[in-house]
Amino acid sequence: MEVKRRIGRIDCIEIEAKSVLNRVRGMPFDWSINPYRGCYHQCVFCYARRTHTFLEKSGIGDWGSLLYAKVNAPAVLRRELASPRWRGAHVAIGTATDPYQPLEGHYKITRRVLAELARARTEAHLITRSPLVVRDRDVLQELSRAAGVSVCISLPTLDADLARKIEPTVAPPRQRLRAVRMLADAGIRVGVAIAPILPHLTDDEIGLREVFAAASAAGAYMAWHTVLNLNEVARESYFGFLRAEFPSLVAAHEVYYRRKYAPKALVEDIGARVARARRGNTLRPRETIAAQPQRVQLKLF
Ligand code: SF4
C-alpha cells in the first residue's frame with residue numbers, strides 16, 4: 001500500500017519495494033541499490049531524471065518534488081542477502097538518486113541499508129553530493145571493518161555561485177569538502193567525483209586543478225571525472241538551464257550534443273586538461289576505487 005506524505009514542499013510516496021538489489025548490465029559494477037526514486041537536489045544536468053518517466057512522471061517538473069521512499073528496503077535487502085543465490089558481489093549505492101538527499105534525514109533508509117550490508121559482509125560503494133553522509137560514519141566504519149566500503153562525494157566545482165545554479169539544493173562546495181575531511185578522519189575510504197564536467201562552465205584547467213588540490217588537502221584518496229552526457233530528459237533540463245542562465249552557450253551545445261554523448265574530440269580535450277590539472281597530487285585515478293577495480297568503477301551521471 002502506498003502512503004503519501006507532504007514533507008516541506010515535496011510530496012513523498014512511501015512504497016514497498018519488491019526487490020532492492022538491482023542487477024546492472026553494461027556498467028563496471030554488478031548490482032545497485034537506490035533507496036529513493038527522484039531527487040530533491042534537482043541538478044540541472046542530472047542523468048537520472050529519465051528514471052521518473054518509467055513511472056509516467058515528469059523528469060523535469062516532478063523529479064525534485066514528487067519523491068518515492070522504499071520504506072521496506074532494509075528488510076527486503078536482508079532477505080535478498082541471505083538468499084543462497086546471492087554470491088556476494090560488490091554493490092553500488094546511489095546510481096539513480098542521491099541516497100543522502102534530505103529525505104534520508106527523516107527515513108534513515110540508506111543508514112539501515114548500510115547496516116544490512118555490514119551484517120551480510122557485502123562490500124559497497126556509495127556516491128552522494130550531500131554532507132549528510134557524515135551522520136553515518138559509525139555504520140560506514142562497521143561496513144568498512146566487515147567487508148569494505150568507499151564513499152565518493154561529487155564536487156564538480158569550487159565556485160559556490162555556479163554550484164548553486166547547477167545543483168540548486170546541494171550544500172556548497174566547502175561543506176562537501178568538510179564532509180570529505182570528516183570521513184577521511186574517521187578512517188573511511190573517501191574520494192571525490194568531478195562529475196559531470198560541464199563544457200565551458202567547469203572545464204577550465206585552473207578550476208579543475210583547484211578541485212583536485214582541495215580534494216587532496218581534505219584527505220580524499222582518489223578522484224575521477226566524467227564529461228556531461230545528455231539523454232533526452234537531461235537534455236531538456238540542461239538546455240532549459242542554458243537558455244535561462246548562459247544563453248551564449250546554447251549554440252555550441254547544440255553542436256556538441258547532437259547525440260547523447262559529447263564528441264570524442266571534446267572528451268579527449270577535457271581529459272587532457274584533467275590529466276594536467278591532477279599532476280602533482282597523490283590522488284589515485286578511478287581505477288583504484290577499491291581492491292578489485294574491474295568490478296567497482298563508478299561511472300555515473
Ligand atoms: S545528479 Fe545526483 S544529486 Fe543531482 S539530482 Fe541527480 S541524483 Fe540527485
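**Close-up views of a predicted model**

View 1. The largest nonpolar core holds 82 residues, and Val151, Val180, Val192, Ile194 and Ala215 have the most contacts inside it. Strand E10 gives the most to this core, with 6 residues. A nonpolar core here is a set of buried Ala, Val, Leu, Ile, Met, Phe, Trp, Tyr and Cys residues joined through C-beta atoms within 7 Å. Buried means 20 or more other C-beta atoms within 10 Å of a residue's own, exposed means 12 or fewer, and partly exposed is in between, with C-beta atoms placed from the backbone. Leaving out neighbours within four places in sequence, Val192 is in contact with Cys152, Ile153, Leu155, Val180, Ala215, Ala220 and Ala223; contact means C-beta atoms, placed from the backbone, within 7 Å. A quick note on the model: it's predicted, so local features need pLDDT of at least 70 and side-chain atom pairs count only at pLDDT 80 or more, while totals for chains, interfaces and linings use all residues. Residue numbers start from 1 along each chain as its sequence is written.

View 2. Strands are DSSP runs of E, at least two residues, and helices are runs of H or I, at least four, numbered from the N terminus; two strands pair if DSSP finds at least two bridges between them. Zoom in on E4 (residues 31-33) and E7 (residues 91-93) and you find parallel pairing over 3 bridges.

**View 3. Around the ligand.** Which residues come nearest to the ligand? Of the 10 residues around the ligand, they are Cys39, His41, Cys43, Cys46 and Asp98. To be near, a residue needs its C-beta atom, placed from the backbone, within 6 Å of the molecule or strand in question. Sorted by class, the shell has 5 nonpolar, 3 polar and 2 charged residues. For the sorting, Ala, Val, Leu, Ile, Met, Phe, Trp, Tyr, Cys and Pro are nonpolar, Asp, Glu, Lys and Arg are charged, and the others, Gly among them, are polar.

**View 4. Leu126 in strand E8.** Leu126 lies in E8 and counts as buried, with 28 C-beta neighbours inside 10 Å. Not counting residues up to four places away in sequence, Leu126 touches Ile93, Gly94, Pro99 and Val151. Leu126 and Asp98 are 28 residues apart in sequence, and their C-alpha atoms are 9.5 Å apart in space.

View 5. In H3, 8 of the 11 residues are buried, so the helix is largely enclosed by the rest of the structure. Among the buried ones are Ile109, Val113, Leu114 and Leu117, but also Arg111 and Glu116. Just after H3, Arg121 takes a positive phi of about 50 degrees. Arg121 belongs to the loop between H3 (109-119) and E8 (124-128), and is partly exposed, with 13 other C-beta atoms within 10 Å.

View 6. Most residues other than glycine have a negative phi, and most peptide bonds are trans. The Ala195 to Pro196 peptide bond is cis, with omega near -10 degrees, and Pro196 lies in E10 (residues 189-197). His200, in the loop between E10 and helix H7 (205-217), has a positive phi near 70 degrees. His200 is partly exposed, with 13 C-beta neighbours inside 10 Å.

Definitions and conventions. Contact = placed C-beta atoms within 7 Å.
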